Amino acid sequence: MLKVNNLNLHYGASQALYDVSIEAEAGKVTCVLGRNGVGKTSLLRAVSGQHIGSSGEITWNGQSILKMSPQERAKKGIALVPQGREIFSQLTVLENLQTGFSAIPRSQRNIPDEIYSLFPVLREMLKRRGGDLSGGQQQQLAIGRALVTRPKLLILDEPTEGIQPSIIKDIQSVIAHLRNQGEMAILLVEQYFDFAKALADEYSVMDRGQIVLSGKGSDMDEEKVRGLMSV
Ligand SMILES: Nc1ncnc2c1ncn2[C@@H]1O[C@H](COP(=O)(O)OP(=O)(O)O)[C@@H](O)[C@H]1O
Ligand SMILES: [Mg+2]
């Protein structure tokens with residue numbers, strides 16, 4: 001289980017997160033919503049290790065990970081699907097998937113068949129270059145690459161951004177399926193309300209570096225949340 005407790009985070013002198021607390025547990029989707037620039041990605045960076053929080057605490061299964069490197073966190077089962085996907089455009093689909101191998105022991109370095117059953121298009125396109133895929137296909141590849149590490153905490157940063165509706169539906173089913181297996185905690189950042197509403201077991205809304213509203217996904221007040229997300 002992930003616990004973020006009173007996390008503060010700075011970029012130089014400028015503070016991006018103020019006393020942020022959230023939790024994510026196996027078999028559940030924790031969704032973080034908020035408009036652009038409120039600190040969603042900063043929170044995910046602090047959890048995955050790309051940027052180290054200044055104070056507060058982040059624990060994963062009881063152990064502090066606040067200061068750990070991204071590589072150490074990856075070895076502990078934490079995987080990030082970054083905003084904008086960050087697919088290597090010159091590498092093939094297979095090679096992109098294999099970049100996940102560095103986080104796992106040599107004996108496990110294969111692509112689980114499940115990834116191809118979740119995203120059949122990836123099997124069809126194994127030899128194509130990442131840069132030749134559509135945005136939606138790249139998003140599926142980015143999720144597949146994270147799943148190669150068999151994560152226990154899957155973090156997704158705006159997976160629907162710039163993606164065609166049919167693929168958004170597919171991605172929604174995949175996230176629901178992974179959650180329903182019960183083994184994985186999912187931390188999802190979104191600005192697309194309906195997608196978040198459909199998946200969230202727990203939700204938090206951020207504004208200006210703080211959590212301003214949170215609760216159970218089933219209790220999400222659409223008007224209130226949309227109000228906090230509109231510019
Ligand atoms: N690398 C960085 N250096 C300095 N400021 C940053 C950096 N990344 C983000 N910020 C600032 O931190 C704030 C939160 O950004 P971010 O976490 O990307 O928000 P969101 O993901 O909600 O759009 C913004 O004011 C942004 O300009
Ligand atoms: Mg962001």
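Helix 1 contributes the most to the shell around ligand 1, with 4 residues (helices are DSSP runs of H or I of at least four residues, strands runs of E of at least two, both numbered from the N terminus). This is a predicted model, where local features need pLDDT of at least 70, side-chain atom pairs count only at pLDDT 80 or more, and totals for chains, interfaces and linings use all residues. Residues are numbered from 1 along each chain as its sequence is written, chains are lettered from A and ligands numbered from 1 in the order written, and side-chain values use heavy atoms, with hydrogens and water left out.

Around ligand 1 sit Tyr11, Ala16, Arg35, Asn36, Gly37, Val38, Gly39, Lys40, Thr41, Ser42 and Arg45 (a residue is near a molecule if one of its heavy atoms lies within 4 Å of it). As for polar contacts (pairs of N or O atoms within 3.5 Å), a polar side-chain atom of Ser42 comes to 2.6 Å from an oxygen atom of ligand 1, while a polar backbone atom of Val38 is 3.2 Å from an oxygen atom of the ligand.

Then there's the magnesium ion, ligand 2: its protein donors are Thr41 (OG1) and Gln83 (OE1), at 2.0 to 2.3 Å. Donors here are N, O and S atoms within 2.8 Å of the metal (3.2 Å for Na, K and Ca), and sites may look incomplete because water is not among the atoms.

Methods:
Polar contact = N/O pair within 3.5 Å; in protein donor to acceptor, adjacent residues only side chain to side chain.
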